[in-house]
Amino acid sequence: MKNLSLFAILFFCSCTIAPRITVTNAGNGGMPNVIVDGKIFATAYQQKAAEYRALCLQAFNIARERIDEIILRILQSQKRSSLTLMKLFWITALTRLIRSYRGKIMINHRGLNGQQWQVLILYQGHRIS
Amino acid sequence: MASADTVPGASDFLKYAASKGVEIFYVTNRMEKERDATIKNLKKFDLPNADYAHLFPVQKTSSKEDRRKSIAANHDVVMLLGDNLADFSFLFDKKNSLQRTENVNVLSGEFGRRFIILPNPVYGDWESSLYNYNYSLLAVQKDSLLKASLHTY
């Protein structure tokens with residue numbers, strides 16, 4: 001069983017600061033430099049194109065649907081394994097205590113397996129958040 | 001670094017995921033010395049899990065594989081989000097353009113599912129791969145390599 005098996009998302013920091021651009025065509029025979037000037041163009045797309053914003057929102061909308069699917073799948077999986085609603089309530093009641101005591105020892109003591117702990121966390125999310 | 005804005009939609013999504021009991025980890029190739037400023041920025045936008053334990057800046061290598069494994073050792077990773085293919089898999093670490101494309105085909109079923117990729121036309125390995133990850137090249141040299149790499153019609 002994994003420790004405090006909350007579902008995890010790795011989110012990779014993306015620095016959205018516009019690059020410092022001080023050179024345009026210097027040192028390139030007076031010709032525009034695709035690399036330097038291209039950054040200006042690409043930055044304009046990020047900062048000004050509503051299409052860029054729409055693409056990001058599209059990505060996060062898909063991500064949100066996936067999260068909902070994962071939660072549903074876990075809950076259905078637990079139903080199949082005959083975890084009763086009453087037991088879920090019992091688990092929920094214990095949640096705050098478990099958090100206080102770092103979870104794992106108490107869960108093992110109660111004989112819950114890792115999968116049930118996942119439901120516990122998700123269920124808590126539905127109930128308390 | 002503490003003045004960076006959020007990617008559109010990122011804040012709402014992360015808060016939504018956190019509300020469902022999902023724990024968020026931030027894996028970045030910013031330096032360790034930038035950790036405090038990065039956390040400060042995450043807190044500024046009230047993003048979930050904005051603390052020391054959930055931020056993984058670059059250590060020995062820019063590859064994120066070890067950091068991904070470290071997190072996966074104790075957590076069930078359900079989703080990875082990023083603007084660079086190397087954010088998702090070691091299959092994209094320091095690969096050339098053709099290899100990157102081939103490996104996207106290999107992992108095609110993951111995008112929009114476990115992998116959520118965001119657009120970034122400004123920088124990333126898509127660009128660095130054109131210069132064989134030689135960061136010491138002059139702009140004019142990069143310019144030549146980029147133009148030479150393009151298809152002509």
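Helices (H or I, at least four residues) and strands (E, at least two) are DSSP runs, numbered from the N terminus. This is a predicted model, in which local features need pLDDT of at least 70 and side-chain atom pairs count only at pLDDT 80 or more, while totals for chains, interfaces and linings use all residues. Residues are numbered from 1 along each chain as its sequence is written, with chains lettered from A and ligands numbered from 1 in the order in which they are written.

**Residue A:I35**

- Helix α1 of chain A, spanning residues 34-48, contains A:I35.
- A:I35 is buried because 23 other C-beta atoms lie within 10 Å; a residue counts as buried if 20 or more other C-beta atoms lie within 10 Å of its own, as exposed if 12 or fewer do, and as partly exposed in between, with C-beta atoms placed from the backbone.
- Leaving aside residues up to four places away in sequence, A:I35 touches B:A139, B:K142, B:D143 and B:L146; two residues are in contact if their C-beta atoms, placed from the backbone, lie within 7 Å.
- Between A:I35 and A:C56 there are 21 residues of sequence separation and 24 Å of space, C-alpha to C-alpha.

**Chain A**

- Five helices and one strand make up the elements of chain A, and their order from the N terminus is β-α-α-α-α-α.
- Chain A has 129 residues, of which 29% count as buried.
- Of the contacts in chain A between residues at least 6 apart in sequence, 67% join residues at least 24 apart.
- The average pLDDT of chain A is 60, and 36% of the residues score at least 70; pLDDT is the predictor's confidence in each residue, from 0 to 100.
- Residues 1-6 of chain A have a pLDDT below 50, and this stretch has 20 contacts in the model beyond near neighbours in sequence.
- Residues 15-23 of chain A also have pLDDT under 50, with 15 contacts beyond four places in sequence in the model.

**Chain B**

- Chain B holds six helices and four strands, arranged from the N terminus as α-β-α-β-α-β-α-β-α-α.
- Taken along the principal axes, the C-alpha atoms of chain B fill a box of roughly 50 × 35 × 30 Å.
- Among the 153 residues of chain B, 28% count as buried.
- For chain B, 62% of the contacts between residues at least 6 apart in sequence join residues at least 24 apart.

**Helix α2 of chain B**

- Within α2(B), residues 35-44, the buried residues include B:T38, B:N41 and B:L42.
- The buried residues of α2(B) line one face of the helix, because they fall within an arc of 100 degrees when seen down its axis; the arc is that of the directions from the helix axis to the C-beta atoms.
- An α-helix has 3.6 residues a turn, so residues three or four places apart point the same way.
- B:K40 and B:K43 are exposed on the other side of α2(B).
- β1 and β2 of chain B are the elements against which the buried residues of α2(B) pack.
- B:D46, which follows α2(B), has a positive phi, near 60 degrees.

**Nonpolar core**

- The largest nonpolar core has 34 residues, of which A:A59, A:A63 and B:Y26 touch the most other members; such a core is a set of buried Ala, Val, Leu, Ile, Met, Phe, Trp, Tyr and Cys residues joined through C-beta atoms within 7 Å.
- Two or more residues of this core come from each of α2 (50-80) of chain A and α1 (10-19), β1 (22-27), β2 (55-56), β3 (76-82) and β4 (115-117) of chain B.
- With eight residues, α2(A) gives the most to this core.
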